[in-house]
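Morning, everyone. Please look at the screen, and I'll walk you through a few places in this structure.

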Number of protein chains: 2
Amino acid sequence: MFRLKHLHIDTLREHVIMIHQSAVRAGNLGFNPLDRVHVFGIDATGKRHEVIGVLNFCRDQLVGPDEIGLSDDAFADLGLPSGAQVNATIAPAPKSVDLVRAKLQGERLDRTAFDTILGDVVRHRYSKVELAMFVLACAMRTLDLEELVDFTRAMIAAGSRLDFGPGPIADKHCIGGVPGHRTTMVVVPILASLGVVVPKTSSRAITSPAGTADTMGVLADVALPPAQLYRVVKEVGACIAWGGALDLAPADDILITVERPMEMDTEAQMVASILAKKKTAGATHAVIDIPVGQTAKVRSHAAATRLAALFSAVAAQIDLHLEILTTEVRGPIGWGIGPRLEALDVLAVLRREREAPQDLREKSLYLAARVLELVGAVSPSGGYRAAQQALDSGAAERLFDRIVQAQGPRALPPAAPHRCVIESPADGRIREIDCWRMSRVAKHAGAPANVAAGVKLLRTVSDVVAKGEPLFEIHAQSAPQLEFSRTYAAAHPNIIAFGF
Amino acid sequence: MFRLKHLHIDTLREHVIMIHQSAVRAGNLGFNPLDRVHVFGIDATGKRHEVIGVLNFCRDQLVGPDEIGLSDDAFADLGLPSGAQVNATIAPAPKSVDLVRAKLQGERLDRTAFDTILGDVVRHRYSKVELAMFVLACAMRTLDLEELVDFTRAMIAAGSRLDFGPGPIADKHCIGGVPGHRTTMVVVPILASLGVVVPKTSSRAITSPAGTADTMGVLADVALPPAQLYRVVKEVGACIAWGGALDLAPADDILITVERPMEMDTEAQMVASILAKKKTAGATHAVIDIPVGQTAKVRSHAAATRLAALFSAVAAQIDLHLEILTTEVRGPIGWGIGPRLEALDVLAVLRREREAPQDLREKSLYLAARVLELVGAVSPSGGYRAAQQALDSGAAERLFDRIVQAQGPRALPPAAPHRCVIESPADGRIREIDCWRMSRVAKHAGAPANVAAGVKLLRTVSDVVAKGEPLFEIHAQSAPQLEFSRTYAAAHPNIIAFGF
């Protein structure tokens with residue numbers, strides 16, 4: 001028997017169990033590091049509690065020889081208090097890993113198989129290596145359409161689901177890769193001001209300098225419990241919340257922890273994940289934006305067309321009305337990159353300020369128009385004009401303010417104290433800005449962890465500049481971060497490409 | 001800047017870097033959990049030290065907000081003292097991961113590619129997920145022969161190499177899966193007593209209840225530094241040492257940490273790993289034993305034949321004289337399973353005791369005969385008789401004693417204090433004993449971590465038993481372990497199969 005200890009270690013959703021090496025030496029256990037172990041105990045009412053995790057050994061005071069330490073998630077899932085008496089045994093690999101192995105060897109998986117696998121994934125029974133096996137199995141042995149539909153349905157079944165009635169309930173989604181692309185915060189109030197219900201849930205940044213939830217989080221609370229989210233949508237007709245607080249796609253939240261470092265082309269995973277999230281968020285109609293560009297996530301129109309076909313085929317099977325847009329991208333959208341700077345862009349567009357970024361305004365109007373036409377809120381080609389009127393009349397601005405008030409307003413944080421300007425290395429017209437590298441500049445400066453950090457573009461695509469003129473400004477919370485980012489930018493002068 | 005702290009955490013060769021969450025919040029860093037970070041500092045002589053690892057966040061006293069904690073291996077590799085001033089930045093993924101991704105997409109890898117990948121692997125630059133990608137790439141997109149040869153050569157180049165001259169230098173290897181199979185400790189002294197040089201290096205248990213290094217470790221020191229190993233071999237003509245202390249296959253030692261939990265059929269990996277280890281241990285001639293059986297690692301003669309062809313083809317390319325033996329297995333070899341109990345079997349065979357296990361004796365003679373004939377130490381069919389004479393005359397026993405003395409003798413540990421007998425559930429002849437499950441019984445009892453723990457067979461294959469007669473005895477260091485093992489054995493009465 002061991003005493004339970006809560007270890008305040010954030011292991012990114014992996015359950016880590018820590019025991020002292022001398023406990024093994026003393027002959028209490030025959031464990032090896034990285035064994036999967038089962039920790040269990042009984043509470044005051046006689047109920048059995050258990051959790052499975054990966055074993056780590058330690059040799060110092062983190063846990064004593066008579067203790068078992070559990071990382072945050074594992075401790076919460078076990079549900080016993082610190083100091084409780086617990087025991088541990090070796091736990092076999094979940095049986096569903098055999099299915100993953102079969103898929104890796106070329107076999108098909110059916111709906112039951114996907115349900116079983118994702119069920120074990122959301123119970124944290126898979127190790128990082130087993131998660132990697134599953135993601136690679138889906139990425140390499142291309143799933144056929146039926147499998148992809150089954151995978152998507154299993155993703156939907158593995159999480160909670162919001163319900164706003166039969167609808168139409170609208171949603172929009174951009175597959176990402178474009179810094180500053182905060183159209184959601186403009187599109188949602190336009191739609192809601194025209195009577196379309198848009199219970200929008202967004203993610204935080206995974207690899208980017210800001211996700212919509214990070215940027216909205218600068219202006220309002222975004223971690224809304226389901227009851228509050230329903231109340232906001234009922235009252236205002238829309239919300240802009242963080243999906244992560246709602247358990248809408250728990251399997252995806254776990255798979256992403258290994259998918260991200262792999263940087264593999266996992267189309268199937270992307271389609272299943274996005275459509276499952278739209279469905280569990282209660283949407284009946286959705287517009288998906290696939291930006292195509294040399295430095296974006298999708299780099300050719302052929303790839304975009306293939307991806308669009310996959311989205312449409314799966315959406316038809318899960319009863320979701322979908323429109324796919326393929327858009328061109330030659331650089332970031334808006335002036336700001338990073339949560340605070342992007343929020344300022346959104347406010348400028350909603351407030352029709354003179355320095356508001358025109359590209360953010362126009363792309364938002366275009367997307368809003370497509371949603372309005374998809375849900376039938378306007379005549380078949382009346383979307384753009386309706387959206388424009390909603391924005392220019394101030395209706396969208398007022399609706400955005402109501403969303404902020406309903407979710408809980410936050411004071412805008414001050415500008416980052418450390419800043420420097422990067423000058424143009426050449427004369428000429430800006431043909432393109434490298435989305436991926438400009439994101440790195442912003443991330444090196446501290447975004448999104450430091451909400452005021454990031455990049456403010458001073459010139460953008462199609463502008464003509466002279467050598468030595470200011471191109472962009474880096475914002476950082478500390479001098480070392482500013483230096484780190486500036487060094488990266490200086491080492492990559494081709495972030496800005498000149499020409500036509 | 002942070003103060004360096006040594007964390008006594010055994011992460012099984014993964015470099016873990018721990019920082020306090022408040023250090024991120026305070027705006028010093030823009031890191032996320034599981035980011036790959038680069039920790040660096042300067043020593044008193046002005047030399048720069050650096051190490052790369054995977055970032056974990058903590059929120060309690062494990063590290064302070066001004067500290068960076070490094071796990072054992074990472075701390076050792078950085079080579080700076082506790083309290084040293086260090087800094088940290090995000091480290092990009094090693095470029096060689098692009099090669100792994102290409103292999104996953106079906107491309108070929110050449111020698112340079114394998115060298116680059118394994119070079120990064122041994123420098124601990126790969127995360128667990130990236131290691132899994134490489135192992136799966138090799139397992140799924142079957143390497144062609146040229147690739148497998150290049151992979152093997154890269155494995156050889158990535159480690160240190162022992163050199164005992166032009167030879168013949170003999171070695172033997174069993175691919176495993178048979179508990180109690182401690183033939184090495186009998187074969188090596190037989191060979192050396194006949195003048196054959198056998199600098200034998202073995203592994204510790206990976207998934208089994210004992211490896212040869214664990215069993216030899218009960219009787220003598222096995223972690224010999226290279227200088228001592230050379231001295232022992234020069235003096236006695238042989239050694240039985242632990243390979244892990246010699247850095248002979250560092251890439252393999254790391255790959256195995258993800259390969260083991262995958263339980264994938266990674267033939268290419270096995271061939272490259274075994275042959276690279278024979279080569280770096282200085283062997284010129286080797287006999288490889290592939291046991292085939294329903295519960296062994298290789299389960300059909302067809303699979304054994306395919307594997308043997310791979311071994312032979314690669315060995316020919318790296319200038320290693322190889323003989324492959326395919327042997328039948330219907331259960332464990334010897335009476336004991338677990339380090340101490342197996343060591344007693346070996347001593348009984350060498351000492352020609354009456355209760356010595358005949359199967360261990362006969363298989364050892366058979367293997368010794370093949371090696372003697374391969375290196376040309378005897379006439380083409382004189383191996384068995386020569387081996388038998390070496391054993392029966394006591395020459396092998398005396399040579400084994402010299403090896404033990406030269407390596408450093410150890411006192412035999414006492415028998416495990418907690419024991420119980422499992423009785424036969426039926427009448428009849430024992431047709432087979434399940435190797436895999438019987439290993440589990442021994443591991444549940446605490447082997448190999450507890451050297452005296454394990455299983456002692458009281459009856460073996462081909463014996464006729466009556467219901468209720470003792471079949472085997474479980475040995476454990478503690479009552480809970482005995483109970484754990486006994487429960488497993490009781491739940492699997494078919495560990496012993498009856499019939500013909």
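Which residues is B:Phe151 in contact with, leaving aside its neighbours within four places in sequence? Contact here means heavy atoms within 4.5 Å. The list is B:Phe114, B:Leu118, B:Phe134, B:Cys138, B:Leu143, B:Leu255, B:Gln269 and B:Ala272.

Before I go on, some ground rules. This is a predicted model, where local features need pLDDT of at least 70, side-chain atom pairs count only at pLDDT 80 or more, and totals for chains, interfaces and linings use all residues. Residues are numbered from 1 along each chain as its sequence is written, chains are lettered from A and ligands numbered from 1 in the order in which they are written, and side-chain values use heavy atoms, with hydrogens and water left out.

Back to B:Phe151. The largest nonpolar core has 114 residues, and A:Phe151, A:Phe311, B:Phe151 and B:Phe311 touch the most other members. A nonpolar core is a set of buried Ala, Val, Leu, Ile, Met, Phe, Trp, Tyr and Cys residues joined through side-chain atoms within 4.5 Å. Buried means under 20% relative accessible area, exposed over 50%, partly exposed in between, with a 1.4 Å probe and protein chains only. Another core, of 62 residues, lies apart from that one; B:Val218 and B:Leu325 are among its residues.

Next, a sheet in chain B. It is open, with four strands in the order β13-β16-β18-β14 and antiparallel pairing. Strands are DSSP runs of E, at least two residues; helices are runs of H or I, at least four; both are numbered from the N terminus. Two strands pair if DSSP finds at least two bridges between them. Why is one side of β13 and of β14 left without a neighbour in the sheet? Because β13 (336-337) and β14 (418-423) of chain B stand at the edges, each with a single partner strand. β13(B) pairs with β16(B), residues 454-457, over two bridges. There, B:Ile337 stands opposite B:Val455.

Now strand β17 of chain B, residues 464-465, where we find B:Val464. Buried or exposed? B:Val464 is exposed, at 62% relative accessible area. Not counting residues up to four places away in sequence, B:Val464 touches B:Gly428 and B:Arg429. B:Val464 and B:Ala426 are 38 residues apart in sequence, but 10 Å apart in space, C-alpha to C-alpha.

Last, a helix pair in chain A. α3(A), residues 96-104, packs on α4(A), residues 111-122, with axes 9 Å apart. Among the residues of α3(A) that meet α4(A) is A:Leu99.

Technical notes. Axes fitted to C-alpha atoms, helices over the stretch in contact; angles between N-to-C directions.
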